[in-house]
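Below are some notes for a colleague who is opening this entry for the first time. They are meant to be read with the structure in view, point by point.

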Amino acid sequence: MSTVFIALQTNEDTRPIIEAIVQDNPAAIVNEAPAMVKIDAEGKLVIRRETVEELIGRPYDLQELQVNLITMSGNLDQTDDEMTLYWNA
Amino acid sequence: MDMQVAKKKLGLKERYAVMTRGLDWVPSYQKMEDIYPYMTYEGIKIHDWDKWEDPFRLTMDAYWKYQSEKERKLYAVLDAFNQNNGHLNVTDARYINTVKLFVSGISPLEYVAHRGFAHAGRQFPGPGPRVACLMQSLDEIRHAQTQVHAVANYNKYYNGMHDFHHAHDRVWFLSVPKSFFDDAITAGPFEFMVSIGFSFEYVLTNLLFVPFVSGAAYNGDMGTMTFGFSAQSDEARHMTLGLEVIKFILEQDPDNLPIVQRWIDKWTWRGYRVLTLVAMMMDYMLPKRTMSWKEAWEIYFEENGGALFKDLARYGITMPKCAEQIALEKDHLSHQAWSTFYNYAAAANFHTWMPDEDEMAWLSAKYPNSYDKYYRPRMEYWREQAAKGNRFYNKTLPMLCQTCQVPMIFTEPGDPTKTCYREVDYKDSKYHFCSDHCKAIFEHEPEKYVQSWLPVHQIYQGNCFPEGTDPTVEGFDPLAAVLKYYHLESGRDNLDFEGSEDQKNFDEWRGMATKNV
Ligand SMILES: [Fe+2]
Ligand SMILES: [Fe+2]
């Protein structure tokens with residue numbers, strides 16, 4: 001399986017999102033770079049709206065993530081509840 | 001950010017369907033082929049445009065909401081940066097030359113990308129790609145504008161940026177990025193999407209933005225870091241669009257595969273040649289380095305691109321052949337490029353220098369197979385000569401590659417001691433190339449590439465002097481006339497960093513900022 005990744009700006013908006021990613025993807029590896037965080041995962045990475053909402057204590061729209069997104073790799077599928085990055089091979 | 005999330009009546013998928021496909025209509029009194037005249041000549045076959053789906057499922061209403069949030073954040077930071085004389089916080093004033101390179105080499109491309117996506121979007125009969133292209137077109141003009149706004153603050157204090165767009169259209173090495181994008185927007189809409197949307201945005205953009213932006217962060221340039229991140233936040237959507245384009249075209253018809261593969265091969269190579277400028281920026285121009293060009297290539301192309309092409313293998317797509325040559329060049333690219341700029345610093349819109357001892361040690365460590373053997377000796381020699389007062393500025397113009405327009409500075413794959421030359425005879429003329437890949441691109445579309453506006457040819461033909469110049473007068477100095485035509489001031493905008501006005505001013509201003517005068 002190849003690695004998918006997502007990179008986010010380091011700031012107060014993304015802190016709980018990164019926490020949510022780590023909770024939902026126990027095998028994900030968090031790499032901190034200057035002003036940015038890159039999260040790698042084997043084959044698949046999921047960001048769940050509910051987990052983020054629990055951490056921030058308010059309703060959250062996954063599309064808000066776009067404001068702090070830097071780059072990503074993998075095929076994407078986004079719904080109201082989940083944002084998934086994956087490779088087929 | 002603390003945005004209100006309104007209760008939505010429709011789910012994301014339904015909302016996307018209603019706000020894209022739902023807004024489309026079938027024309028009744030005009031023929032489809034008259035409305036979309038460019039849809040067939042490239043040979044791509046599309047049977048069902050409704051199969052297109054943006055995986056982000058972003059609709060225009062949401063687009064405006066998030067984009068305005070990004071703009072508010074960006075301009076708040078830029079104001080703070082300017083109010084606090086942020087330009088004096090950069091590691092050292094040599095860093096500012098990367099900003100000059102960026103605004104004259106890259107920002108004008110953002111504007112051309114804006115035009116390109118507006119054009120491509122207009123040509124596609126499917127509402128899905130049309131909406132995605134509209135968004136990207138708007139993103140790209142935003143990138144051009146915010147970059148100009150951010151860099152304007154540097155332009156108030158430092159040289160070489162005052163007429164960046166004029167320079168972009170004229171300065172010899174800037175024809176490399178310019179001709180790359182001109183090549184893309186003059187292709188058909190499908191090729192444009194594969195060239196810029198896929199090959200550039202998906203495969204190569206990480207190598208452009210991530211090093212520039214984390215380089216800015218490392219070097220204390222909050223202004224550039226912020227516009228870079230703001231632009232990059234759109235980039236993830238562009239990459240997704242690029243990947244979607246490829247998958248969509250390939251799923252539509254098996255006949256599309258060979259056409260798409262050829263475009264991927266061509267545009268990966270074209271884009272890589274443009275990245276020569278990024279390679280030297282990373283290895284030589286950032287006072288505090290983030291990672292070497294070679295490391296960035298390994299992470300973002302070999303690893304990540306490797307995963308991508310493995311995924312696309314199910315459509316029959318293979319890794320572009322040029323990747324083999326690029327792998328051989330990764331130990332040499334930045335050193336050969338910086339040597340060239342050091343040579344031609346009299347004709348550039350930024351300053352050059354030779355690396356100091358520490359920087360050479362870093363280069364030796366990052367390039368154990370090549371730096372000490374091939375490049376350190378000549379750089380030490382140049383440094384010695386400069387110290388003795390023999391700084392040599394080359395004023396003889398180099399031969400350019402007809403396809404990528406880079407001077408023919410690259411060496412044979414596998415032999416870094418021999419310059420690589422290729423040539424083709426076509427209709428009574430001889431054309432020159434830096435590589436087998438540039439040669440093959442020309443051979444496939446000679447009628448396009450014979451039209452290349454090659455700066456060196458143009459100078460020799462007398463087309464790059466200010467109006468009214470008489471090159472036949474005694475003592476005519478062609479370089480001085482060319483610099484006037486570029487709107488560059490010799491001795492101020494060009495030559496070495498050492499002894500430049502930028503260096504002097506920065507030291508003086510930084511001194512004022514840290515001491516009581
Ligand atoms: Fe852009
Ligand atoms: Fe070339």
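**Notes on the two chains**

1. The largest nonpolar core has 159 residues, and the members that touch the most others are B:V194, B:F198, B:L207, B:L275 and B:M280. Helix α9 of chain B, residues 189-218, gives the most to this core, with 18 residues. Please keep in mind throughout that this is a predicted model.

2. Leaving out residues up to four places away in sequence, B:V194 touches B:S199, B:V245, B:I246, B:V260, B:W263, B:I264 and B:W267.

3. As to the overall form of chain B, there are 22 helices and 4 strands in this chain. Taken along the principal axes, the box filled by the C-alpha atoms of chain B is roughly 75 × 65 × 50 Å.

4. Two further values describe how chain B is packed. Of its 517 residues, 48% count as buried, and among the contacts in chain B with a separation of 6 or more, 77% are between residues 24 or more positions apart.

5. Which residues of helix α4 of chain B are buried? They are B:I96, B:N97, B:T98, B:V99, B:K100, B:L101, B:F102, B:V103, B:S104 and B:G105. Since this makes 10 of the 10 residues of the helix, which spans 96-105, α4(B) is largely enclosed by the rest of the structure.

6. Among the strands of chain B, β3 (residues 422-426) and β4 (residues 429-433) run antiparallel and are joined by 5 bridges. In this pairing, B:E423 has B:H432 of β4(B) as its bridge partner. The two strands form a hairpin with 2 residues between them, and in the turn B:K427 has a positive phi of about 45°.

7. Turning to chain A, one open sheet is built from 4 strands in the order β2-β3-β1-β5, with antiparallel pairing. The edges are held by β2 (29-33) and β5 (69-73) of chain A, and because each of these has a single partner strand, one side of each is left without a neighbour in the sheet. From one strand to the next, the twist averages 15°.

8. Within that sheet, β1 of chain A (residues 3-9) pairs with β5(A) in the antiparallel sense over 4 bridges, and A:F5 has A:S73 in β5(A) as its bridge partner. Helix α1 of chain A, residues 15-24, lies across β1, β2 and β3 (36-42) of chain A, and runs at about 15° to β3(A).

9. Apart from neighbours within four places in sequence, A:I21 is in contact with A:A28, A:I39 and A:I47. The C-alpha atoms of A:I21 and A:V52 are separated by 8.5 Å, although these residues are 31 residues apart along the chain.

10. Chain A also has an open sheet of 3 strands, in the order β4-β7-β6, and here too the pairing is antiparallel. Its edge strands are β4 (44-48) and β6 of chain A, each with a single partner strand, so one side of each has no neighbour in the sheet. On average, neighbouring strands of this sheet are turned by 10° against each other, direction ignored. One of the pairings joins β6(A) to β7 of chain A (residues 82-86) over 4 bridges in the antiparallel sense, with A:Q78 standing opposite A:M83 in β7(A).

11. The last point concerns the place where the chains meet: 30 residues of chain A are in contact with 35 residues of chain B. On the side of chain A that touches chain B, the elements giving two or more residues are β1, β5 and β6 (75-78) of chain A, and β5(A) gives the most, with 5 residues. By class, this side of chain A has 13 nonpolar, 12 polar and 5 charged residues.

Notes: Residues are numbered from 1 along each chain as its sequence is written. Chains are lettered from A and ligands numbered from 1 in the order in which they are written. This is a predicted model: local features need pLDDT of at least 70, side-chain atom pairs count only at pLDDT 80 or more; totals for chains, interfaces and linings use all residues. Two strands pair if DSSP finds at least two bridges between them. Axes are lines fitted to C-alpha atoms, for helices over the stretch in contact, and angles run from 0 to 180 degrees between N-to-C directions. Two residues are in contact if their C-beta atoms, placed from the backbone, lie within 7 Å. Ala, Val, Leu, Ile, Met, Phe, Trp, Tyr, Cys and Pro count as nonpolar, Asp, Glu, Lys and Arg as charged, and the others, Gly among them, as polar. A residue is buried if 20 or more other C-beta atoms lie within 10 Å of its own, exposed if 12 or fewer, and partly exposed in between; C-beta atoms are placed from the backbone. A nonpolar core is a set of buried Ala, Val, Leu, Ile, Met, Phe, Trp, Tyr and Cys residues joined through C-beta atoms within 7 Å.
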